[in-house]
Amino acid sequence: VLRARLLVMIEEAGARAPARGTLVRELGILEPDMKILEKILCSDGSVLVLDGHFMHRSAFDACRLKLRALFEKTPIVEWKAFKEAIGTNRDMAVAVLDAFDVEGLTRRTPAGRMLLK
């Protein structure tokens with residue numbers, strides 16, 4: 001029941017991925033329980049943890065699609081344009097872009113992100 005409730009909260013947040021502390025507070029659970037839930041949700045691939053924030057896989061995939069749409073208009077995408085496209089704050093936008101860099105989709109340049117594949 002707790003896993004399902006947590007998953008709904010994360011999914012409803014979309015690109016405004018909630019922070020670990022916020023989830024712990026709102027669910028009224030202890031940190032050790034949160035660690036167990038995190039392992040379960042991450043192991044089945046339904047949730048990613050980006051810079052301490054929990055993002056549902058579907059929201060992450062939607063961010064990827066929005067980034068690709070931005071690349072159709074320009075060869076370099078700045079974090080500000082991406083932030084606006086996904087409707088989140090700077091820190092979350094940069095965390096998502098960093099995750100795309102790690103997976104090899106993009107590369108950070110002085111001017112912004114460049115599409116690699």
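A salt bridge here is a side-chain nitrogen of Lys or Arg within 4 Å of a carboxyl oxygen of Asp or Glu. By this rule, the predicted model you see above holds 9 salt bridges. The close-ups below visit some of them.

**View A. Arg20 and Glu31 link two helices.** Start with Arg20, which forms a salt bridge with Glu31; their closest N and O atoms are 2.7 Å apart. Arg20 belongs to helix H2 (residues 20–27) and Glu31 to helix H3 (residues 31–43), so this pair ties together parts that are 11 residues apart in sequence. Arg20 is partly exposed, at a relative accessible area of 23%. Glu31 is partly exposed too, with a value of 31%.

**View B. Glu84 pairs with Lys83.** Here the closest N and O atoms of the salt bridge lie 3.0 Å apart. Have a look at Glu84 at the surface: this residue is exposed, with a relative accessible area of 57%.

**View C. Asp98 and Arg113 join a helix to a strand.** In this salt bridge, the closest N and O atoms are 2.6 Å apart. Asp98 sits in helix H6 (residues 90–102) and Arg113 in strand E5 (residues 112–115), so the pair ties together parts that are 15 residues apart in sequence. Asp98 counts as partly exposed, at 33% relative accessibility. Arg113, by contrast, is buried, with a relative accessible area of 5%.

**View D. Arg20, Glu31 and Glu38 form one network.** Back to Arg20 and Glu31, this time together with Glu38: salt bridges that share partners join these three residues.

Terms used
Residues numbered from 1 in each chain as written. Predicted model: local features only at pLDDT ≥ 70, side-chain atom pairs only at ≥ 80, totals over all residues. Heavy atoms only, no water. Helix = DSSP H or I, 4+ residues; strand = E, 2+ residues; numbered from the N terminus. Buried < 20%, exposed > 50% of the residue type's maximum accessible area, 1.4 Å probe, protein only.
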